[in-house]
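Thanks for asking me to look this over with you.

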Amino acid sequence: MKKIIALIMVAVLMLTFAACGGNTDNNGDTNKEETPAVTIASPVELLNTVWASYTDDEKFPVAGGDMTEANMNMEGPGVYGLEDAEGFANITHFPADSMAKIDAAATLMHMMNANTFTGAAYHVVDADMAALVTAVKDSIMATQWMCGFPEKLVIVTVGEYMVSYFGNADLVSTFTAKLQAAYPSAEIAVDEPIVA
């Protein structure tokens, strides 16, 4: 009888080990989940995904896009045309001499005061992302602010996209959390206070 019980226990242990072995990948890690690649169709889609994750209580009055009828959005992000480099630079503080490094953009701004929150997403083409991040950071940090002073700047990269946003520290931190939740592969390139 003891032999039969011992054989049954050995069989159960073998089945247990076989079942656990099925969850092992080639590196020997168990239960490792890979983050699926996220496809982003455009800068406005990226911003819309983040903005859509806000609850009604978290949202604030916003507008997005440029002043054209096709692109202006009074309730969320909007496409910003790149034809007017000077106007685009005035709104986003994107360096005008780097316009050739992007081929699409979208904006999201606090409707009452742009310095409370201004965000922009860019599709970067044929450019050194790190150098472009530095150029955008330098441009924003060198701005002479009027009508309020933004507290914090964050620049994030997501694949071939870059997102820069500045303003009230709480609003900026909330946006960062929402962006990272929506795009787990997002990498924070800049997270710094804006000082006078």
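1. A term to start with: a nonpolar patch is made of Val, Leu, Ile, Met, Phe, Trp or Tyr residues that have over 30% relative accessible area and no salt bridge, with side chains joined within 5 Å. Please keep in mind that this is a predicted model.

2. With that in hand, look at the surface: Met-67, Met-72, Met-74, Met-111 and Met-112 make up one such nonpolar patch, and together they have about 570 Å² of accessible area. One of them, Met-112, sits in the loop between strand 3 and strand 4. Met-112 counts as exposed because its relative accessible area is 64%, and the cut-off for exposed is over 50%.

3. Thr-68 is found in the loop that links strand 1 (62-63) to strand 2 (78-79). Its relative accessible area is 37%, so Thr-68 is partly exposed. From Thr-68 to Val-79 the C-alpha distance is 9.6 Å, and the two are 11 residues apart in sequence.

4. Now to the inside. The largest nonpolar core has 25 residues, and those touching the most other members are Leu-46, Leu-47, Phe-117, Val-163, Tyr-165, Phe-175 and Leu-179. Two or more residues come from each of helix 2 (43-52), strand 3 (102-110), strand 4 (117-124), strand 5 (152-158), strand 6 (161-167) and helix 5 (169-182). Helix 2 gives the most, with five residues.

5. Which residues does Leu-179 touch, leaving aside those up to four places away in sequence? They are Val-50, Val-156, Val-158, Val-163, Tyr-165 and Ala-186. There is also a second, separate core of 21 residues, with Val-124, Trp-145, Ile-155 and Ile-194 among them.

Key. Residues numbered from 1 in each chain as written. Predicted model: local features only at pLDDT ≥ 70, side-chain atom pairs only at ≥ 80, totals over all residues. Heavy atoms only, no water. Helix = DSSP H or I, 4+ residues; strand = E, 2+ residues; numbered from the N terminus. Buried < 20%, exposed > 50% of the residue type's maximum accessible area, 1.4 Å probe, protein only. Core = buried A, V, L, I, M, F, W, Y, C linked by side-chain atoms within 4.5 Å. Contact = heavy atoms within 4.5 Å. Patch = residues over 30% accessible without salt bridge, like charges linked within 9 Å, V, L, I, M, F, W, Y side chains within 5 Å. Areas by Shrake-Rupley, 256 points an atom, 1.4 Å probe, with all protein chains shown as cover. Salt bridge = Lys/Arg side-chain N within 4 Å of Asp/Glu carboxyl O.
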